[in-house]
Amino acid sequence: MLVYQLRLAWLSLRRNPILSVLIVSGIGLGIGVAMTFVTAFYVVSGDPIPHKSDRLFYVQLDSWDPQRPWDDDRPSEPPSQITYLDMVGIMRSDIPTYQGAMHKTYLTVHPPEEGVRPFRETVRMCFGDFFPMFDVPFRYGSGWRDEEDDGPGAVIVLGDAVNRKLFGGENSVGRTLRIEDREFRVVGVLERWRPTPKFYDTQNDEFGPVEEIFMPFRWGQEMQIGTSGNTSSWRSAGSGYEALLRSETVWIQMWVQLDTAEQKREYQAFLDAYVTEQKAAGRFQRPLNNRLRDVTEWLEAEEVMPDEARSLLTIALLFLLVCSVNLIGILLGKFLARAPEIGVRRALGASRRWVFVQHLIECEVIGVAGGLLGLVLAVGGLELLDRLYDSQLNFRLDMNMFWVALALALLSAMIAGVYPAWRICRIVPGYYLKLQ
Amino acid sequence: MQIGPIFRAMFRHKGRFWLIAVEVALTLAIISNCLNMVLVERQKMNRPTGIDEDNILVVYSEPFDKAFEDKIYARASYDNDLRALRGMPGVHAAAGMHAIPLSGGGSATGRRPRGSEIDTLSAPYFIVSEGVIAALGVELVEGRDFTAADFPTPDDDEASATAEDEAAAEPDLSNVIVTREFAELMYPDGDALGKTIENRNGDSIDTIIGVIERMHNSWPLASFAERVVLYPGEPWSERGARYVVRAEPGMLGELYTTIEDELIRQDEGRLIRVETLAEVKGDTYSGTHAVTKMLGGLSVLLILVTSLGIIGLTSFSVTQRTREIGTRRALGATRTSILGYFLVENWIVTGVGLVVGVGLTYGLNFVLAQWAEVQRIEIPQVAVGVLTIWLAGLAAALAPAIRGTTVQPVTATRNV
């Protein structure tokens, strides 16, 4: 029976192709707009690294001013970065599976070709563990080993875009590149990587582009080049790079990977012991307040999701509602126009319920078609959004979004079709039979 | 025109007209709120910055030559750059700044009135060279501009002063120029000129020697955008320098293309980047701009969709009542009165929809205010929404209504 009803639905749509196209487009438009903003919302609020977001932790220590909290509006919050002294102190631990401090800076790159002027590029100074910790995808080569962190070895990892710019996109592993006044050897080239949001560094541009060059952290000290990211301090630091390293200025982001609950407990205990020890030395005059937040908790604490994403999502879903309501009238007209035919069916024994279900099925077929059209439109819509935001965000439709689109489409078709289907199933067969 | 029959006729086809009313109500709620959000964002973007943005270029010097690691060399390069820039034809004024206003990047510290007990307040600041007032085009309304005497003599011996050294030393004294908003923040009685401000430890004491009417700091979209403190000093480092160059009227385009070459000519060991301040501002505003475009686009699309809906329903309504129209015409109704009939019907339905819609508008606004920090809507926006939809609804109903007037009286007599 279902097959028969589906066939009837299809025949009905075919009978009036223009009207059918109109109705399908109506739903398609609504779904297209809704899915564009549902996807955008999902992308900016979602988990950028779902398969291990509960095993990656951001470290916070409260080394801040004893007289005033880090954030007056949220006084129980510790600072959002750590000092150099503390980085050195806590990286002595061997508890985490992976660990790495990092910051961003700008360095001058000298292209290999003669005569091409040098340019400044964003660089992430980090430890070798960065790559396995964040499952960074490599196209060629790999990250550097622990020994290179200590050296520091003159090695770098290049991002996809800068590799294209300097080496035409080829496998540049093993080639050397002059940065500032030193030669560095390329050990790896990344695939195009755009975690959205850029969760590992929410201090600077949390939806901004990933850095194009990665270099061992200790080169900062070798080259006496500090961070160009966010820095804050509550006490005068003195001037110069060495003074920065000895100061209470916070400028470093610290991530660890802790795979088991026990590991986490151990590491928390380690942090607490470290801070207690520092208190004895006169630092850390605020109450003990060490935090280990996983990716989701950290993003929430940093309030990364923009408010606009919420208001646009609301507006887009209401838009879909209006499109559905719009269709009620059209469907009403269409169904009632076929009242004579339905009258005959009813006279021949079709129940009211059968007629109702038949028309709902027709609506859902329209819904599915509209949903597919909507997904196509959403691809275009996301492309537009991408352009509006300068391709910095990774708006991508995935399987989850496909199911959401389908669900929304079926729901809208239902909203649009329930009343017309109800109206048509209640007609009195006799009236229409006589009207012939 | 008799309203009674129109009402009674409408009651017979309730469902259809409620549909239009519901659509109108929803559309009003949505576009009024979109209008509200767009206006709030635009207001933020249109705030005057106090700076002559249209005539200013931002120049970045990014050294790669090792020579720049020597402070003396770097300072000489900086002084030379300013001299060269000021000597270029078409340049009205040039100055060095450690960060650029409107760019989203800058510095802030804490200051409070000297001797007061309150905690320090956030003080966004810029370290600047001489001539910054002229270079930015801001209006100095009290006091005076910086002179050479205000600038501290360069001290190259303290290459790595430690925190302890600084704590033991004398307090840092400086003359500063602030914006009126900051001055009033510190001294609400409006007599900040000549008064001093300090940091929490009391080891930095600044005397206010000038007040600017208005200037935006690095964060023009923030609520504290108009707080600025200008410190005379050395806004360069071994990593480079930033300059603001104000062009004579009409000379911006030419300078944009010639500055890089001129500065490279002065010293080849660095990269020179040039941007217009308008471009810098545009980048800072781009996110907000994108949102207003999206809201605007959605609103237009929505009005279109609703109009199509109204056209459809009115058309259907007219077709359904062909016989009735014919009967009226046969009984003597003019074409105009038929048209009037349908239009009045449309107005009643739209009117009901708009009334319900006003309630929905405030409801939606409440939800958005709670969930997405949207500002409360005000009557003017609702009024504009009402007017727009009323007109759109009217325009939509016009074509089918006119078609209705073409029904011939003879249809009253036909049975088919």
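User: Which side chain of opposite charge is nearest to A:Asp149, and how far away is it?

Analyst: The model is a predicted one. In it, A:Asp149 belongs to helix α5 (residues 146-150) of chain A and is buried, yet has no salt bridge. A salt bridge requires a side-chain nitrogen of Lys or Arg within 4 Å of a carboxyl oxygen. The nearest side chain of opposite charge lies 7.2 Å away, and it is that of A:Arg218.

User: Is B:Gln381 buried or exposed?

Analyst: B:Gln381 is found in helix α11 (residues 379-405) of chain B. Its contacts, not counting residues up to four places away in sequence, are B:Ser32, B:Leu35, B:Asn36 and B:Leu39. Buried means a relative accessible area under 20%. B:Gln381 has 10%, and therefore counts as buried.

User: Which element gives the most to the nonpolar patch on the surface of chain B?

Analyst: The patch consists of B:Trp18, B:Val22, B:Val352, B:Val356 and B:Leu360, with about 420 Å² of accessible area together. Two or more residues come from each of α2 (14-46) and α10 (335-372) of chain B. One of the members, B:Leu360, is in helix α10 and is partly exposed, at 37% relative accessible area. With 3 residues, the element that gives the most is α10(B).

Key
Residues are numbered from 1 along each chain as its sequence is written. Chains are lettered from A and ligands numbered from 1 in the order in which they are written. This is a predicted model: local features need pLDDT of at least 70, side-chain atom pairs count only at pLDDT 80 or more; totals for chains, interfaces and linings use all residues. Side-chain values use heavy atoms; hydrogens and water are left out. Patches are made of residues with over 30% relative accessible area and no salt bridge: like charges are joined within 9 Å, nonpolar side chains (Val, Leu, Ile, Met, Phe, Trp, Tyr) within 5 Å. Accessible areas come from the Shrake-Rupley method with a 1.4 Å probe; for residues, only the protein chains shown count as cover. Helices (H or I, at least four residues) and strands (E, at least two) are DSSP runs, numbered from the N terminus. Buried means under 20% relative accessible area, exposed over 50%, partly exposed in between (1.4 Å probe, protein chains only). Lys and Arg count as positive and Asp and Glu as negative; His and the chain ends are not counted. Contact means heavy atoms within 4.5 Å.
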